[in-house]
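Dear colleague,

I am passing on the structure below for you to look at alongside your own work. My notes on what was found in it follow directly after.

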Amino acid sequence: MPPVAVSSRYLLHPTPLGDVLIVSTPDAVISCHPVYDNPGDELAALTVALRAEPSPGTTDAALQLAAQLDEYFAGDRTAFEVPLDWALVRGFTRDALEAVARIPFGETAGYGEVAVMAGHARAARAVGTACATTPFSIVVPVHRVIRADGSIGEYGGHPETKRFLLDLESHVLEREQAGRAV
């Protein structure tokens, strides 16, 4: 937990997946997740973690991420360039998520491969935990991390979301390759 209360704002941004909850300070994104049920549940958990309740509203960081999400879902963005506030992520979880962030657009890596990338070759299960608890869904592409047998896994109990994101990236790459072939 952060040592002091963090003042933040939140907005629900519509995407093809449904609303994405973006929580941010004026300078950086603290959390970004698709909302499947009640956003109040996620906000309650963040209130505890941040030691302060996020207020409705926007920040420059949230607006920047919302625009980049729109570009990503339109197939016009392959990497996010938004400042992230890593205060809720420590230790191996941060190492693992930073390794995940290096997986190229449209590619996948196994949990074991990410463990090696994070400098802990025997920590594949811990990579799974890091992916499941990431505060930065989509932006840190945990959807690109798959099981050793090649199956995609759960994605927080929503494998359809993971499949959608992987298919989106695959289609963007196919479109780019087709455009180069012309």
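This is a predicted model: local features need pLDDT of at least 70, side-chain atom pairs count only at pLDDT 80 or more; totals for chains, interfaces and linings use all residues.

As to overall dimensions, the C-alpha trace spans about 50 × 40 × 25 Å along its principal axes. The radius of gyration of the chain is 16 Å, and because a compact globule of 182 residues would have a value near 16 Å, the two agree. Of the 182 residues, 43% are buried, and among the contacts between residues at least 6 apart in sequence, 61% join residues that are at least 24 apart.

The helix pair I would point you to is H3 (residues 91-100) and H5 (residues 124-132), whose axes lie 9 Å apart and which pack at an angle of about 80°; since angles of 65 to 115 degrees count as roughly perpendicular, H3 is therefore roughly perpendicular to H5. On the H3 side the contact is made by Phe92, Thr93, Ala96, Leu97 and Val100, while H5 contributes Ala126, Val127, Ala130 and Cys131. Sorted by class, this contact holds eight nonpolar residues and one polar residue, with no charged ones.

Lastly, an unreviewed UniProt entry lists residues 64-85 under "domain: Methylguanine DNA methyltransferase ribonuclease-like". In the model, that span is 45% helix and 0% strand, and its end C-alpha atoms lie 14 Å apart.

Note on methods:
Residues are numbered from 1 along each chain as its sequence is written. Side-chain values use heavy atoms; hydrogens and water are left out. UniProt positions are given in the numbering used here, feature names are shortened, and annotations may be inferred rather than shown by experiment. Helices (H or I, at least four residues) and strands (E, at least two) are DSSP runs, numbered from the N terminus. Axes are lines fitted to C-alpha atoms, for helices over the stretch in contact, and angles run from 0 to 180 degrees between N-to-C directions. Angles under 35 degrees count as roughly parallel, over 145 as roughly antiparallel, 65 to 115 as roughly perpendicular and the rest as oblique. Contact means heavy atoms within 4.5 Å. Ala, Val, Leu, Ile, Met, Phe, Trp, Tyr, Cys and Pro count as nonpolar, Asp, Glu, Lys and Arg as charged, and the others, Gly among them, as polar. The radius of gyration is taken over C-alpha atoms; the globule rule is 2.2 Å times the number of residues to the power 0.38. Buried means under 20% relative accessible area, exposed over 50%, partly exposed in between (1.4 Å probe, protein chains only).
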